[in-house]
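Here is a friendly walk through a few local features worth a look in your viewer. Have the structure open as you read.

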Amino acid sequence: MEVKLLDLVAQYDKIRSEIEGAVREVMESQYFIMGPKVAEFERSVAAYCGVEYASGVASGSDAILLALMALDIGPGDEVITTPYTFFSTVSSITRLGATPVMVDIDPVTYNISPDRIEEAFTPRTKAVLVVHLFGQLAEMESICAMADSRDIPIIEDACQSIGASYNGKKAGAFGLCGCFSFFPSKNLGGFGDGGMVVTGNEDIDSRLRLLRGHGARERYYHDEVGVNSRLDAIQAAVLEVKLKYLDEWSEGRRRNAAYYSEGLAGLPGVSTPVTAEGNISIFNQYVIRARDRDSLKSFLVSESIGCEIYYPVPLHLQKCFSFLGGAKGDLPEAEKASEQTLALPVYTELSGEQQDFVIEKIREFYAGREVEPLAGT
Ligand SMILES: *Cc1c(COP(=O)(O)O)cnc(C)c1O
C-alpha cells in the first residue's frame, strides 16, 4: 500500500467543478493581478480570522518580510524568534539587515518558549516574531503580556496555522500583524505561491499595501521603495473556494491525528504530539518524536509511506547564518527536536486502512528493538 505524505489530487477531485468555474471566471475577465477577486478574498480572510484588514501578497515569505518592513525594522534592530521553523522566518529578518535573536523552544509543543523570550529582550528589541508551528499556536497569553508590557509589537508567522485558535481567538489575530502562506502544501493551499498579511491597524495596513506595490500610491509616483509582491486573481479565486471547506478539512486532520495517537499509544520509542491547553490545532503536520528516527524514516520510505523531517537543521546552525555566531549546544531543545521528529501523513482524505498500515509499520519497526523510552508524554 502506498501512503503519500500529502495527496492533493484527492482534495481536488472533490471540488474540481467549483474550482474550474472560479478560474474560468478570472480567465474570462482577463483581470489577473489584484482586482475584485483579490479584494473579495482579502475580505474573506480578514473576516475568517476576526481581524479588520488583510492584504494579499506573493508568498508567506513575503508576508513576513513586508510585515517587518511595515514596522521599519532594519540594521541595528533585534527581532526575537525561534530557530525551529521554516527558513524564511529568520531570513526575512536578516534580509532587512536586522539581527535575529533565536531562543529555544518548548520541547512539548515545539513552539518558542515564553521563558526564553523573557530573557532575550534588550533595548534593541524591535519585535517578537512568533511562529505557530505544525498547526498549533504558541503560548500567546504570556507572550502577549510580556511584549505588551514593553510596548514591543508581535508578528505572527501563522503560515502553518490558518484557522487554528488559542483561547477562542484565531491565529493571526493576536499580533500587530499575522502572516499566512498559501503554498500548495499548507492547509489552505493555492495553485501556486501566495500569501497574506492581516492586521487590526489601519496605518499598518495602508503601509503594507504601499510596500507590496513598489511603494506607489498612484501609479508611477513612488513614495518609498517597496517590492513587487501581489496576490494574483487566479490564486484568490481558487483560495476563496477552498476557504469554505477549511474548517471541515481541519476537523478531518484532527480526527486522523487522534486516530494515530491512539494507535501509537504505549510504544516506548515514540511520543505523539500534544495539543496544549486552550489550543485547537489544525495539524498542518502530525509530528512524532521517535527513537532511531533516521532508521525509522528509511524503513517507512521503503514501505512506500511518505514521511518528512521538519526540520533537520535548526536555523542557528545553518551555514548562511554562521555570521550570527550560533554553535551546537546553544539551543538544545531545538537541536534535539531536529534529531528526533518525524511528520506522518495526516491529510483529511487519508483512509482508515492507510492509517492502520502506517501504525502497523511503525509498530513493526520497534518490535523486539531495545529503545530507551522517550520522556514527556
Ligand atoms: C511555509 C512557511 C513559510 C513560507 O511560506 P511561503 O509561502 O512558502 O513563502 C514561512 N514560515 C513558515 C513557518 C512556513 O511553514
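## Around Ser-281

Leaving aside neighbours within four places in sequence, Ser-281 is in contact with Phe-134, Gly-135, Gln-136, Arg-254 and Thr-275. Bear in mind that this is a predicted model. Ser-281 is found in the loop between strand 13 (279–280) and strand 14 (286–290).

Is Ser-281 buried or exposed? Its relative accessibility is 4%, under the 20% cut-off, so Ser-281 counts as buried. Its side chain reaches the backbone oxygen of Gly-135 at 3.2 Å, and a polar atom of that side chain lies 3.0 Å from the backbone nitrogen of Phe-283.

## Helix 6

In helix 6 (residues 140–150), the buried residues are Met-140, Ile-143, Cys-144, Met-146 and Ala-147. They pack against helix 5 (114–120), strand 4 (125–131), strand 5 (154–157) and strand 6 (165–166). After helix 6 comes Asp-151, with a positive phi near 60°.

## Aromatic rings

The structure holds 14 aromatic pairs. One of them, Tyr-12 with Phe-191, is edge-to-face, at 5.8 Å centre to centre and 80° between the planes. Tyr-12 lies in helix 1 (residues 8–29) and Phe-191 in the loop between strand 8 (177–181) and strand 9 (195–199), so this pair ties together parts 179 residues apart in sequence. Tyr-12 is partly exposed at 23% relative accessibility, and Phe-191 is partly exposed at 42%.

Tyr-245 and Trp-249 form a stacked pair, 5.7 Å centre to centre with 20° between the planes. Ring pairs also link Tyr-84, Tyr-110, Phe-134, Tyr-310 and Tyr-311 into a cluster.

## Charges over rings

The charged end of Lys-170 sits over the ring of Tyr-48, 4.1 Å from its centre. For Arg-369, the charged end sits over the ring of Phe-365, 3.8 Å from its centre.

Key
Residues numbered from 1 in each chain as written. Predicted model: local features only at pLDDT ≥ 70, side-chain atom pairs only at ≥ 80, totals over all residues. Heavy atoms only, no water. Helix = DSSP H or I, 4+ residues; strand = E, 2+ residues; numbered from the N terminus. Buried < 20%, exposed > 50% of the residue type's maximum accessible area, 1.4 Å probe, protein only. Polar contact = N/O pair within 3.5 Å; in protein donor to acceptor, adjacent residues only side chain to side chain. Contact = heavy atoms within 4.5 Å. Phe/Tyr/Trp six-rings, centres within 6.5 Å; stacked < 30°, edge-to-face > 60°. Lys NZ or Arg CZ within 6 Å of the ring centre and 35° of its normal.
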